[in-house]
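This briefing describes a predicted model. Please keep the sequence and the structure in view while reading the points that follow.

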Amino acid sequence: MSESQDSSLPVVGVLLLAAGSSSRLGRPKQLLPYEGQSLLRRAATTAVEAVLGPVVVVTGALHEELLPELADLAVQTVHCPTWQTGMGASLKTGLAELQQHQPAPTSVLVLLCDQPHITPTLLQQLVVAQIATQQPIVATEYGSVRGVPVLFGESVLPLLQALPDAAGAQQLLRQHPAWVATVPFPAGAVDVDTEAQYAALLGK
């Protein structure tokens with residue numbers, strides 16, 4: 001690959017949001033075990049193995065408790081002190097951390113730790129779809145939902161940075177549906193917000 005080709009590829013930063021308090025679950029979902037790993041470590045490992053670019057994990061309600069789960073992984077951890085105000089606050093904290101990298105990411109991929117069926121291949125497919133479609137946003141699609149994991153291109157990063165603290169990435173998908181390409185991810189419908197969902201995941 002020539003230098004000119006290489007420089008045309010997006011530099012993708014990965015934001016793994018793990019700031020919540022799991023209020024609906026009543027215990028930290030980030031630390032729930034699944035197939036021998038906590039959900040947090042599983043998601044962080046997946047992000048690293050996708051080999052897209054720098055990986056930043058945003059913590060909030062828990063920080064010290066989560067750090068052992070990320071030991072020896074090639075990720076950076078940043079604490080969002082205003083995590084309680086909403087996902088937008090975590091997004092902006094993570095974006096600020098990613099911007100410290102050189103070269104700064106031209107695209108940002110956002111994922112959560114409570115979708116255990118995310119794979120490195122899926123994350124790579126989002127990038128491939130963005131290159132192919134040239135759409136500023138590429139979301140995964142499950143059922144009638146367009147959501148996370150979702151990739152934001154360079155042109156929409158200022159909108160992501162301008163989100164209200166209480167808003168999430170979903171707001172941009174709703175406001176600009178014509179900008180969104182999708183990658184099918186039926187298993188994205190499986191997440192862990194309640195004990196019943198966790199039991200279902202474990203097949204109990």
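Gln-30 lies in the loop between E1 and E2. Although Gln-30 belongs to a loop, this residue is buried, with a relative accessible area of 2%.

**Gln-30 and its contacts**

- Not counting residues up to four places away in sequence, Gln-30 touches Ala-18, Ala-19, Gly-20, Ser-22, Ser-38, Leu-39, Leu-40, Leu-62, Leu-66 and Cys-113.
- Two of these contacts, Leu-39 and Leu-40, are buried residues of H2.

**Helix H2**

- Helix H2 spans residues 39–49 and is mostly covered, as nine of its eleven residues are buried.
- The buried residues of H2 include the charged pair Arg-41 and Arg-42, along with Ala-43, Ala-44, Thr-45, Thr-46 and Ala-47.
- The cover over the buried residues of H2 includes strands E2 (33–34), E3 (37–38), E4 (55–59) and E6 (107–112), together with E1 and helix H4 (120–133).
- Just after H2, Val-51 takes a positive phi of about 50°.

**The enclosed cavity**

- The structure holds one cavity of 30 Å³ or more, and about 40 Å³ of space lies in the largest cavity.
- Leu-39, Arg-42, Ala-43 and Thr-46 are among the residues that line the largest cavity, and these four are also buried residues of H2.
- The lining of the largest cavity also includes Cys-113, Gln-115, Pro-116 and Ile-118.
- By type, the lining of the largest cavity divides into five nonpolar residues, two polar and one charged.

**The nonpolar cores**

- The largest nonpolar core has 59 residues, and Leu-15, Val-110, Val-150 and Phe-152 have the most contacts inside it.
- Strand E1 (residues 12–18) supplies the largest share of this core, with six residues.
- A second, separate core of seven residues includes Leu-25, Tyr-34, Leu-39 and Leu-201.
- Val-150, in the largest core, touches Val-108, Leu-109, Val-110, Leu-126, Ile-137, Val-138, Ala-139, Ala-169 and Leu-173, not counting residues up to four places away in sequence.

**Strand E7 and its partners**

- Five of the six residues of strand E7 (residues 137–142) are buried, so E7 is largely enclosed by the rest of the structure.
- E7 pairs with E8 in the antiparallel sense over six bridges, whereas its pairing with strand E9 (residues 180–184) is parallel, over five bridges.
- Thr-140 stands opposite Gly-147 in E8 and opposite Val-183 in E9.
- The hairpin of E7 and E8 has two residues between the strands, and Gly-143 in this hairpin takes a positive phi near 65°.

**The largest pocket**

- The largest pocket has a volume of about 860 Å³.
- A total of 33 residues line the largest pocket, and Lys-29, Met-87, Leu-112, Asp-114 and Asp-193 lie nearest its centre.
- Two or more lining residues come from each of E1, helix H3 (87–98), strand E8 (145–152) and helix H6 (170–175).
- E8 gives the most to this lining, with four residues.
- The lining of the largest pocket contains 15 nonpolar, 13 polar and five charged residues.

Definitions and conventions: Residues numbered from 1 in each chain as written. Predicted model: local features only at pLDDT ≥ 70, side-chain atom pairs only at ≥ 80, totals over all residues. Heavy atoms only, no water. Core = buried A, V, L, I, M, F, W, Y, C linked by side-chain atoms within 4.5 Å. Buried < 20%, exposed > 50% of the residue type's maximum accessible area, 1.4 Å probe, protein only. Contact = heavy atoms within 4.5 Å. 1 Å grid on protein atoms, 1.4 Å probe; cavity = no way out; pocket = protein on both sides within 12 Å on 5 of 7 lines; lining within 4 Å. Points joined across faces, edges and corners; volume = space filled by probe spheres on them. Pairing = 2+ DSSP bridges.
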